[in-house]
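Subject: Handing over the model we talked about

Dear colleague,

Here is the structure that I promised to pass on to you.

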Amino acid sequence: MTKTDASGPPRGNKRGRPRGSRGVGRGARRATLGGDALRPTSEAAKRRRKTADGKQPLAQLDASAPVFFNRRLTGMQADSQRFVPQSEAEWQRFDAARAAAGEQPSATAAGGSAASSPSTPGAPTLGYQVKRIRLGTCEIDSWYVSPYPDEYSRHPLLYICEFCLKYMKSEYTYTRHCAKCPAKHPPGDEIYRDGDLAVFEVDGRKNKVYCQNLCLMGKMFLDTKTLYYDVEPFLFYVLCEYSTQGYTFAGYFSKEKRSAQAYNLSCIMVLPSRQREGYGKLLIEFSYLLSRKEGVAGSPEKPLSDFGLLSYRSYWRRALYEILVTVPSISIAELSRRTGMTIDDVVSTLQTDGMLQRTGRLGAYRLVADRERVAAYLARAQEKNPRRVDAKKLTWAPFLTKSPFVVAPSAAPEDEEEQEEAGAGDSASELSV
């Protein structure tokens, strides 16, 4: 094929056609028809123009339509009301499914709302409750609701390590933890051991997590307990049973490090599986042993629960009777010094048993006790509860030591009758037995 000069016709291509002779090109067609001609005008054309994922181009969407998830969902797909039960039958199926999952069924039917459960530590959990705990080889039913976190309160059975008191949700996690747990006794110092029993003193500031777990477990068996997470101002005395596997938990009591009211006990708890073995009175006696070691009269934190009052009255009566049966005469202040009890507790116990009689003089009382009755009571108490605390086996030094022995102040009497009763606590007035 021959070439032509610049003034001649355009050069041909390999196929023998002049350049630009393929008909109207794409660029020329755009220039001729314009951009509006490319846009479909019919509904069928709009459907053909959809993208591969089934979504319309942004240019074809209505500007007034709501946008859901960056135009990934339609209005019907984004409507969450479709999953809310509408009829009574749907609400019943919904509650049955929640009950099967261990959750609290909704309180209302269609149109109602179920109570929400707070997840804040220290707040009581609503709608969920741990029914039982697995502690070692024992499964114990809970008595009250304990504010465990929501993810743990949803499970009716909670697994607790008997050494470190860590709580877990599944048996698999519990088995793995027991195989690897390095703790074989409570943290802190062992201050007392007598045979297979031992008492550990645990500081709430040094072992915060252990003491918090202890309080959470204790709340499951105490109705009036309100302290769960603020454990730093307290000391915890943990009673354990010794075996070849370690020191297993049996009970505990707590006390403030510095109590303005001279309280020697703030909270006491014995596991239900360890009750009826004398551990409660043993812990009470141990708290008064610490009070005598500190050199100050102590008393439990008031008010006492019903079971706590019965236990304390039983211990107070036994402690006083053991002294009264050995002396011919003694004063109220001497009884308080020997037992570590406050004057108020001594007087209330003697009055309950009818051993205080008012004499003719103003403010004078006489103690009247039947020695045979006292001896018979001590024999029954020894047979029923032979466990006692041996003061010689205590290895402990108090934080604050007060010397000489200081009797905790009692409330000021308001009338003449209370003044007369207060006169019975005068150390100079001897009471005959």
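Accessible areas here come from the Shrake-Rupley method with a 1.4 Å probe, and for residues only the protein chains shown count as cover. On that basis the chain exposes about 26,200 Å², and carbon and sulfur atoms supply 50% of that area.

Before you go further, please keep in mind that this is a predicted model, in which local features need pLDDT of at least 70 and side-chain atom pairs count only at pLDDT 80 or more, while totals for chains, interfaces and linings use all residues. Residues are numbered from 1 along each chain as its sequence is written, and side-chain values use heavy atoms, with hydrogens and water left out.

The confidence comes next. The mean pLDDT of the chain (the predictor's confidence in each residue, from 0 to 100) is 75, and 66% of the residues reach 70 or more. Confidence is highest in strand 6, at 95, and lowest in helix 12 (residues 416–423), where the mean is 39. The pLDDT is below 50 over residues 104–126, a stretch that has 39 contacts in the model beyond near neighbours in sequence, where a contact means heavy atoms within 4.5 Å. Over residues 407–433 the pLDDT is also below 50, and this stretch has 55 contacts beyond near neighbours in sequence.

Now to the chain as a whole. It has 12 helices and 15 strands; these are DSSP runs, numbered from the N terminus, with helices being H or I of at least four residues and strands being E of at least two. Of its 433 residues, 35% count as buried, where buried means under 20% relative accessible area, exposed means over 50%, and partly exposed lies in between (1.4 Å probe, protein chains only). Among the contacts between residues at least 6 apart in sequence, 58% join residues at least 24 apart.

Which strands form the open sheet, and in what order? Five strands do, in the order 5-6-7-8-10, and the pairing is antiparallel; two strands pair if DSSP finds at least two bridges between them. Strand 5 (189–194) and strand 10 (267–270) stand at the edges with a single partner strand each, so one side of each is left without a neighbour in the sheet. Neighbouring strands of this sheet are turned by 20° against each other on average, direction ignored; for such angles, axes are lines fitted to C-alpha atoms, for helices over the stretch in contact, and angles run from 0 to 180 degrees between N-to-C directions. Helix 7 (residues 279–294) packs on the sheet and touches strand 5, strand 6 (197–203), strand 7, strand 8 and strand 10, while its direction makes about 50° with that of strand 8.

Eight of its 10 residues are buried, so strand 7 is largely enclosed by the rest of the structure. Strand 7 (residues 234–243) is joined to strand 8 (residues 246–256) by 10 bridges, and the two form a hairpin with two residues between them; in this pair, Leu239 stands opposite Gly251 in strand 8. Strand 6 and strand 7 pair in the antiparallel sense over seven bridges, with Leu197 opposite Glu241 in strand 7.

Most residues other than glycine have a negative phi, and most peptide bonds are trans. Leu165, in the loop between strand 3 (157–160) and strand 4 (167–168), has a positive phi, near 65°, and is buried, with a relative accessible area of 1%. Arg276, in the loop between strand 10 and helix 7, also has a phi near 65°, but is exposed, with a relative accessible area of 84%. The peptide bond from Lys302 to Pro303 is cis, with omega near -5°, and Pro303 is placed in the loop between strand 11 (299–300) and helix 8 (306–324).

Finally, please look at Thr339, which lies in helix 9 (residues 332–339) and is buried, with a relative accessible area of 4%. Leaving aside neighbours within four places in sequence, Thr339 is in contact with Tyr288, Arg292, Ala319, Leu320 and Ile323.

With best wishes
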